[in-house]
Amino acid sequence: EVTLVLDRSGSMAGEKIKQAQDATVQVVSGLDEGEAFNVIIYNNSIEVFSTQPVRKTADTEESAHRYIRNTNAQGSTNLHGALQTALAQPPTPGMLPLVLFLTDGLPTSGITAETAIRDLVVTANPFGRRVFTFGVGVDLNAPLLDGLAQLSRARSFFVLPGESVEGAVTDVFESLKGPVFADATLRILDADGQEAVGRTQDVLPAVLPDLFEGNRLVVLGRYIGLAPLTFEFSGNFHGQPRTFS
């Protein structure tokens, strides 16, 4: 299930909004029949294609294309409201709910505090949606977009001026055909298989991302002491619980 959240504030006017529209249309078209999607557009106000994700059919695809193509760029950027709306939707049963969140600027209306926006993915994400963020240009809060993605087990991407927004979004969506290893957790164990108390510091990332085909997981941190340690990764591997040590 994919919810596309499209920034249509005034700074998106011109080529950027056209590329963002093209990318959103491509994602909807790239879904398989029966998969689910929604489209949220935002400036200072928030508008939704549907109150909850809909299954892709020929009719919903055509309606979504019309909705996206009729979007214009004006107003300010209510990033908090758009994200809150995306996270609160009831999910489609049996599907991993993803959000592709696109913005080209700083939050300028609604709640603009960075901590309040970042905390949404922890405190107001009841269905565990993964928030893949796309920052367009250079006038944005990159650490905020990184944080939203990392805390929700997703990734952040940035498109520089002159680069193709459509190409970047389409490439990322093509790589999200279903996670190989989801809901991963890390335990650090001593030689007896017990929790290795006080043996590591500064372990990053704090929340492990989902791994899609071709991804690598890199975990950084510091050891304390010289005794052996075991790193145990557990999660949903191709739909079944599994642990790797």
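This is a predicted model: local features need pLDDT of at least 70, side-chain atom pairs count only at pLDDT 80 or more; totals for chains, interfaces and linings use all residues.
## Salt bridges

Let's start with the charged pairs. The count comes to 12 salt bridges. Arginine 130 takes part in one with aspartate 183, where the closest N and O atoms are 2.6 Å apart. That pair links distant parts of the chain, with arginine 130 in strand β6 (residues 130-136) and aspartate 183 in strand β8 (residues 179-189), 53 residues apart. Arginine 130 also forms a salt bridge with aspartate 210, at 2.5 Å between the closest N and O atoms. Here the partner sits in the loop between β9 and β10, 80 residues from arginine 130. Both arginine 130 and aspartate 210 are buried, whereas aspartate 183 is partly exposed at 40% relative accessible area.

A local example is found in helix α2 (residues 58-69), where glutamate 62 and arginine 66 lie 4 residues apart, about one turn of the helix. Their side chains meet in a salt bridge of 3.2 Å, N to O. Glutamate 62 is partly exposed at 47%, and arginine 66 is partly exposed at 46%.

## The cavity

The structure holds 1 cavity of 30 Å³ or more, with about 80 Å³ of space in the largest cavity. Strand β1, helix α1 and strand β5 each supply at least two residues of its lining. The lining has 10 nonpolar residues, 1 polar residue and no charged ones; Leu4, Phe101 and Thr24 are among them.

## A nonpolar surface patch

On the surface, Leu204, Val218 and Leu220 form a nonpolar patch with about 310 Å² of accessible area together. Leucine 204 belongs to strand β9 (residues 200-204), and counts as exposed because its relative accessibility is 51%.

Methods
Residues are numbered from 1 along each chain as its sequence is written. Side-chain values use heavy atoms; hydrogens and water are left out. Patches are made of residues with over 30% relative accessible area and no salt bridge: like charges are joined within 9 Å, nonpolar side chains (Val, Leu, Ile, Met, Phe, Trp, Tyr) within 5 Å. Accessible areas come from the Shrake-Rupley method with a 1.4 Å probe; for residues, only the protein chains shown count as cover. A salt bridge is a side-chain nitrogen of Lys or Arg within 4 Å of a carboxyl oxygen of Asp or Glu. Buried means under 20% relative accessible area, exposed over 50%, partly exposed in between (1.4 Å probe, protein chains only). On a 1 Å grid over the protein atoms alone, a cavity is a set of points where a 1.4 Å probe fits but cannot get out, and a pocket is an open set with protein on both sides within 12 Å along at least five of seven lines; lining residues have an atom within 4 Å of a point. Grid points are joined across faces, edges and corners, and a volume is the space filled by probe spheres set on the points. Ala, Val, Leu, Ile, Met, Phe, Trp, Tyr, Cys and Pro count as nonpolar, Asp, Glu, Lys and Arg as charged, and the others, Gly among them, as polar.
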